[in-house]
Amino acid sequence: MGMATIARRKAVTFFSSSRHLYNNDRYTSTSKYSWILSRGFASGSEENDVVVIGGGPGGYVAAIKAAQLGLKTTCIEKRGALGGTCLNVGCIPSKALLHSSHMYHVAKHSFASHGVKFSSVEVDLPAMLAQKDKAVGNLTKGIEGLFKKNKVNYIKGYGKFLSPSEVSVDSLEGGNAVVKGKNIIIATGSDVKGLPGITIDEERIVSSTGALSLKEIPKKLVVIGAGYIGLEMGSVWGRLGSEVTVVEFAPDIVPTMDGEIRKQFQRLLEKQKMKFMLKTKVVSVDSTGNSVKLTLEPAAGGDQTILEADVVLVSAGRVPFTAGLGLEKIGVETDKAGRILVNERFATNVSGVFAIGDVIPGPMLAHKAEEDGVACVEYIAGKEGHVDYDMVPGVVYTHPEVASVGKTEEQVKSLGVDYRIGKFPFLANSRAKAIDDADGLVKILAEKESDKILGVHIMAPNAGELIHEAVLAMQYGASSEDIARTCHAHPTLSEAVKEAAMATYDKPIHM
C-alpha cells in the first residue's frame, strides 16, 4: 500500500465540505415529479414540467438539462439574447478584450526580444471591439441552437410570478402571455452594485458594461473597487495606454485571495504601472466639468483630496437581481442581502419554486451557477444532484492570471489546524523560462498529519487552466504526495504544480 493511500485513509476531517455554502433546513421540498419522457415545444397555455426564469449560465444550462431528462421545458429571458451577464456584458467580452489587449501589449513590448520586429504597432479600437462583439454574437446564437436541438421553448420577455405555478411574461415584441409550470426555477442572476451618490451614465461614469464599449481609450481611468472585475478591466485599458488608478476602501486588493499571493499579485500589477489607493473612501463623484472629479478621504477619516479622471469605472461588486419578479406576491423568503433562501435541493419555502446561481448564497460565478442549474434539475427529476461549494475555483484573468481552490492560509490558521506549505516559483520552471513568462508561483496547503490538500493557489500564465488539476485532486481527497507522484509532461507549466506538491510533503527537485 502506497504512502499516499495510507495518508488518505487516515485523513483527519476538520471542516465539512458541504454541498452548499448556505443550507436552510427549515425548507423542504415535498413535491416529486415523475420523469416525463415526452419532449417538445410548449406553448404558453400548456403546463410545463419546468419553467426557467432567466437565460444566463445557470438558467440556460438548467433548461437544457431539464429537456435532456425528458421534461417539457420553457426558458424566459428578458435580455432578448441568451447567456446572461456572463456572455453578453461580462465574462466572455471581458476575456476577449483581455486577450486582444494582451496581444497588443506583447507585440509592443516583448516581440523584439523574441526576434520579431515591426516598424510600428498601433491600436485599432473599433476593430478590437468588433472582434469582441463577434465572439459574443456567435456564442449567443450557439445557445439558441442548443435550445432548438434539445427542444427547449424559448420566450423573449420579462417574467413575473402570478402564482407559484404561473408566470406572466411581457414579450419584448409586445403582448403578454401566461406560462404555467409544475416547477419554476428562478435564475435571474445579479446586477451591478451601485454606490450612494454616484450615477452611472455608461459614458464617463461606467459599470463593467460600459467599460467594455468605451469609444476611445481614456488617458486617465479610475477604478473604484479592487476586486476581480475592476482589476481585469483596469488591465485591459492600462495595456492600451490608460493611466489606471484603483481606489479601494479595504486595506487589500481581492480580499478573498490568499494573503501571500495577494501581495505578490499587487506588486506585479504595480510593475505594469497600475496605481493603488487602498484604505480610501470615495466621498463623491462630479462629472459636470471637462473631467470627472472624485472627492476622496482616508477610510479611517481625515483630509479630503481630489482625483481627476477621464472615465471612472464603478466596480464595487454585484447584487442579486430579483426586481419585478413578484417574489413578495407568492411569499418567497429572502435574506438581508436580497438573496433567495433555499435548502440543499435549491427549493425555496414555496412549494414548486426553486432558485439557483447569483440570486442565492454562494460565489457569484458563472460556473457555480451552471453546477447549480444541473443539480437543481436533477433533484426535480427525482435524481440526486451535487454541488460542493468548497471546490469551486476562482480565477482573476489578468496577466499573470491568479487562480485558487479551497482554503487560504489565513482560513486554515483560523481553524487551528496543523498544516504544511509547499511553494514553487515559475522562475524555476523550464517552460516558463523558455517562453520568457516566469512571474508567479504555485502554493499548496496540506493538513500536516494526513497530507490531505486543503487549498491550492496559482499565479501564472494560464493559471485558470492549471487550477483544475488541483480541483480534481481535492474533489477526490488527494494528498500532496498523490500529485507529486503523478507523471507530468516536460516541459510544461503544470510541472510547477508537481514541484509545489513535492515541496509540501518532501522536497522539490528543481529548487
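**Notebook: salt bridges, a listed site and a surface patch**

I counted 14 salt bridges, taking as a salt bridge a side-chain nitrogen of Lys or Arg within 4 Å of a carboxyl oxygen of Asp or Glu. I note that this is a predicted model, in which local features need pLDDT of at least 70 and side-chain atom pairs count only at pLDDT 80 or more, while totals for chains, interfaces and linings use all residues. Residues are numbered from 1 along each chain as its sequence is written, and side-chain values use heavy atoms, with hydrogens and water left out.

**Entry 1: salt bridges**

I looked up K443 and found a salt bridge with E260, the closest N and O atoms being 2.8 Å apart. K443 lies in strand β20 (residues 441–447) and E260 in helix α8, so the pair ties together parts that are 183 residues apart in sequence. Helices (H or I, at least four residues) and strands (E, at least two) are DSSP runs, numbered from the N terminus. K443 is buried, at 0% relative accessible area, whereas E260 is partly exposed at 24%. For these words I use under 20% for buried, over 50% for exposed and in between for partly exposed (1.4 Å probe, protein chains only).

I then checked R485, which forms a salt bridge with E481, the closest N and O atoms lying 2.6 Å apart. R485 is exposed at 60% relative accessibility, and E481 is buried at 7%. Elsewhere, salt bridges that share partners join D258, E260, E409, K413, K423 and K443 into one network.

**Entry 2: the listed binding site**

I consulted UniProt, whose unreviewed entry lists under "binding site" G225, A226, G227, Y228, I229, G230, L231, E232, E248 and G317. Such annotations may be inferred rather than shown by experiment; feature names are shortened, and positions are given in the numbering used here.

I located E248 in the loop between β9 (243–247) and α8 (259–271). E248 is buried, with 14% relative accessible area. Beyond its neighbours within four places in sequence, E248 is in contact (heavy atoms within 4.5 Å) with G225, A226, M277, L278, K279 and T280. A polar atom of the E248 side chain lies 2.7 Å from the backbone nitrogen of A226.

I placed I229 in helix α7 (residues 228–239), and I229 is partly exposed at 33% relative accessibility. Not counting residues up to four places away in sequence, I229 touches S208, S315 and R318.

**Entry 3: V116**

I found V116 in the loop between α4 (91–109) and α5 (125–150). V116 is partly exposed, at 35% relative accessibility.

Conventions
A polar contact is a pair of N or O atoms within 3.5 Å; within protein, one must be able to donate a hydrogen and the other to accept it, and residues adjacent in sequence count only if both atoms are side-chain atoms.
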